[in-house]
Amino acid sequence: MKDTLVETTLRTLHRDAKKDYMRIGKGVVKSIFRPIQPADFEHAYLPISREQGESMRELIVVNNCKNVVEFGTSFGISTIYLADAVRQTGGRVVTTELLASKVAKAKMNVHEAGLGDYVEFLEGDAMLTLKSHDQPIDFLFLDGWKDLYLPLFQLLEPLLHSGSLIYADNMNMAGTQPYADYILGREDQYSSLPVDNGKAYVSRAC
Ligand SMILES: C[S@@+](CC[C@H](N)C(=O)[O-])C[C@H]1O[C@@H](n2cnc3c(N)ncnc32)[C@H](O)[C@@H]1O
């Protein structure tokens, strides 16, 4: 049965995120004369869709994943789906976000959904904040800066085990190509399936 607090919070956040096109426009203008930066989108959610959130929640519950790591919290929409799932499996989410203002807002949103006890927030560059992470990972969600998918994945790869799931969003973007080549090229180690019309991929470690 769906939790009312979670659903109400998600409804409000998804509704507000619909105004992202204005916030993204402002970010794109800032990056005309230099490479685009995460701070250009400080005010934008850039969230997963409801369908993606619900399918990750189901994947976590059905596979009884307990240790979940998220790359790219933003305002916490995806974190709420992940935390709602680990509440059911008895696990926890470690989520990472570069921008302090986004971490503060995500914490508020996750608490509002009643899920504060299930989430640890790591503030700063995930390449650094996850460097000392040493818990096995059952479910890894990649949704931060696209160029970092591969180095971050390789940093965490020793913590994966047979049956670990990796959900990578935005696999149709150029920045994620090195990660796509890596994971899709290792069929002996990972079986992968496109989801969400090829926008994302779910891989299972063999
Ligand atoms: C696409 S958004 C995440 C959206 C979120 N997963 C959701 O569905 O609600 C990507 C986020 O990754 C963050 N980010 C970018 N580079 C990062 C890094 N090196 N470490 C941690 N977070 C980073 C950005 O600031 C941005 O908020």
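How do the residues of the shell around the ligand divide into nonpolar, polar and charged? In this predicted model, the division is 12 nonpolar, 5 polar and 4 charged.

## Ligand shell

Around the ligand there are 21 residues, and those that come nearest are Gly72, Ser74, Ile77, Ser78 and Trp145. Three elements each supply at least two residues of this shell: helix α4 (77-89), strand β2 (92-97) and helix α6 (126-129).

Two of the residues that come nearest to the ligand, Ser74 and Ile77, are also touched by Pro47.

## Overall architecture

The protein contains 8 helices and 7 strands. Its radius of gyration is 16 Å, close to the 17 Å that the globule rule gives for 206 residues, so the protein is as compact as a globular protein of that length. The C-alpha trace spans about 45 × 45 × 35 Å along its principal axes.

Of the 206 residues, 39% are buried. Among contacts with a separation of 6 or more, 73% are between residues 24 or more positions apart.

## Packing of α7 and α8

Helix α7 covers residues 149-156 and helix α8 covers residues 177-184; their axes come within 7 Å and cross at roughly 45°.

On the α7 side, the contact is formed by Tyr149, Leu150 and Phe153, which meet Pro178, Tyr179 and Tyr182 of α8. By class, this contact has 6 nonpolar residues, with no polar and no charged ones.

## The loop between α2 and α3

Pro47 is located in the loop that connects α2 with α3 (50-62). Is this residue buried or exposed? Pro47 counts as buried because 23 C-beta neighbours lie inside 10 Å. Leaving aside residues up to four places away in sequence, Pro47 touches Ala17, Ser74, Ile77 and Ser78. Pro47 and Ser74 are 27 residues apart along the chain, and their C-alpha atoms are separated by 7.7 Å. Ser74, Ile77 and Ser78 also belong to the residues that come nearest to the ligand.

Leu46 has its place in the loop between α2 and α3 as well. Although Leu46 is not a glycine, its phi is positive, at about 50°. Leu46 has 18 C-beta neighbours inside 10 Å and so counts as partly exposed.

## Further residues of note

Asn64 is placed in the loop between α3 and β1 (67-71). Asn64 is another residue that is not a glycine and yet has a positive phi, of about 50°.

Val28 is part of helix α2 (residues 20-30). Val28 likewise counts as exposed, because 12 C-beta neighbours lie inside 10 Å. Val28 and Phe41 are 13 residues apart along the chain, with a separation of 8.4 Å between their C-alpha atoms.

Note on methods: Residues numbered from 1 in each chain as written. Predicted model: local features only at pLDDT ≥ 70, side-chain atom pairs only at ≥ 80, totals over all residues. Near = placed C-beta within 6 Å. Helix = DSSP H or I, 4+ residues; strand = E, 2+ residues; numbered from the N terminus. Nonpolar A, V, L, I, M, F, W, Y, C, P; charged D, E, K, R; others polar. Axes fitted to C-alpha atoms, helices over the stretch in contact; angles between N-to-C directions. Contact = placed C-beta atoms within 7 Å. Rg over C-alpha atoms; globule rule 2.2 N^0.38 Å. Buried ≥ 20, exposed ≤ 12 C-beta atoms within 10 Å, placed from the backbone.
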